[in-house]
Amino acid sequence: MVQHLDRVRAIFRPTSTDKLAPGLERFIGREDFFRHVGEADMPSAGPQAMMQCPPNWPNGVTWVPIRDLEILEILDDQDIRAG
């Protein structure tokens with residue numbers, strides 16, 4: 001299986017702030033780096049690209065939908081894994 005993880009520089013701007021995990025509000029409006037990790041079927045929006053959260057985010061918050069990010073830059077760095 002080959003997986004492409006595209007890295008982006010983005011600002012977290014959640015589309016629905018009423019469903020935020022505890023402690024996540026302090027990351028709204030903050031610039032960070034995220035990696036594309038796959039797709040997930042979101043009940044309200046259908047299939048969505050999911051982005052891996054930086055390690056400094058709260059425990060238990062590992063992915064956010066790409067729609068919650070304001071993409072500033074798509075970085076050339078790609079991690080290609082074969083397994």
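Trainee: Why does Arg9 count as partly exposed?

Mentor: This is a predicted model. Arg9 has a relative accessibility of 23%. Buried means under 20% and exposed means over 50%, so 23% falls in between. Arg9 is therefore partly exposed.

Trainee: What makes Glu73 and Arg9 a salt bridge?

Mentor: Their closest N and O atoms are 3.0 Å apart. The cut-off is within 4 Å, so the pair qualifies. The two residues sit in distant parts of the chain: Glu73 in strand E5, Arg9 in strand E1, 64 residues apart. Arg9 and Glu73 also join Glu31 in a network of salt bridges.

Trainee: How do you know that Glu70 and Arg13 form a salt bridge?

Mentor: N to O, they are 2.4 Å apart. Glu70 lies in strand E5 and Arg13 in the loop between E1 and strand E2, so the pair ties together parts 57 residues apart in sequence.

Trainee: Why is the pair of Arg30 and Asp32 called a salt bridge?

Mentor: The closest N and O atoms are 3.7 Å apart. The limit is 4 Å, so this pair counts too.

Trainee: Is Asp32 buried or exposed?

Mentor: Asp32 has 11% relative accessibility. That is under 20%, so Asp32 is buried.

Trainee: How many salt bridges does the structure hold?

Mentor: Four.

How values were computed. Residues are numbered from 1 along each chain as its sequence is written. This is a predicted model: local features need pLDDT of at least 70, side-chain atom pairs count only at pLDDT 80 or more; totals for chains, interfaces and linings use all residues. Side-chain values use heavy atoms; hydrogens and water are left out. A salt bridge is a side-chain nitrogen of Lys or Arg within 4 Å of a carboxyl oxygen of Asp or Glu. Helices (H or I, at least four residues) and strands (E, at least two) are DSSP runs, numbered from the N terminus. Buried means under 20% relative accessible area, exposed over 50%, partly exposed in between (1.4 Å probe, protein chains only).
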